[in-house]
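Morning, everyone. Please have the sequence and the model open while I talk.

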Amino acid sequence: ALVLALVMSMSLVTISNAAFSDADKIEHKEAVEVMNALGVINGMPDGSFAPDGNVTRAEMAKMITIIMLGDIDAAAFKGTATDLKDINGHWAEGYIKYCYSQGVIAGKGNGIFDPNANVTAVEAAKMLLVAIGYNATVQGYVGSQWSINIIRDAQLSKLFADLSVTSTKVLTRDEAAQMIYNAINTGIIKKTPNWNSETGVTTYQYVKQDDDVNLL
């Protein structure tokens, strides 16, 4: 479970409108306000939020670390072993290594994470699905069908609620706030096999899991 789920429900009652200089340009105001209040997505040094600014893969790793652990010192994770070759010395090294250790990220292959690349909707969805308890191997988030399987679970878990994004779209800060907001509010969809004794065919149902149990 995400450690901020309860905090979020309480914060909805207590937070006030963030005084961003470009608040009129923010589409997902409640999500942005909550994410800012919890320190998941901060404003810019000039007092703006920059809702149309792109989110990088490194920034997404930081956001997810915060929703999983709260406001921690990510430097503690810098010693975590990974096979990633392009993150040492990066400002988000600790966050990336934590997410790697939890299976939230796996890199692009050949030891490449590409931390400064923009994160797409499907990449962000995969990270968030694992963060809320999905098992990437069981759900098929690797292999030739990885994108289809991620989009399936993201739709079932309503990660794209109130968003108009395609799988390859680069996420803006505004959209990332809404997707994370959706993830904290959602539940896990359990993959359940059904075997037909007459045909020998196994099919799968995807049912919302009410209990707070990780998929194994």
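Predicted model: local features only at pLDDT ≥ 70, side-chain atom pairs only at ≥ 80, totals over all residues.

Residues are numbered from 1 along each chain as its sequence is written, and side-chain values use heavy atoms, with hydrogens and water left out.

Helices here are DSSP runs of H or I, at least four residues, numbered from the N terminus. Start with helix 3, which has 13 residues. From first C-alpha to last, helix 3 reaches 18 Å, close to the expected 18 Å (1.5 Å times one less than the number of residues). Ten of the 13 residues of helix 3 are buried, meaning under 20% relative accessible area with a 1.4 Å probe, protein chains only. Among them are Arg 57, Met 60 and Thr 65. The buried residues pack against helix 4, helix 5 and helix 8. Gly 70 follows helix 3, with a positive phi near 85°.

Next, how do helix 2 and helix 8 pack? Their axes, lines fitted to C-alpha atoms over the stretch in contact, are 8 Å apart at an angle of about 80°. That makes the two helices roughly perpendicular (65 to 115 degrees). Residues in contact, with heavy atoms within 4.5 Å, include Val 34 of helix 2 and Tyr 181 of helix 8.

Last, Gly 79 sits in the loop between helix 3 and helix 4. Gly 79 is exposed, at 73% relative accessible area, where exposed means over 50%.

How values were computed
Axes fitted to C-alpha atoms, helices over the stretch in contact; angles between N-to-C directions. Parallel < 35°, antiparallel > 145°, perpendicular 65-115°, else oblique.
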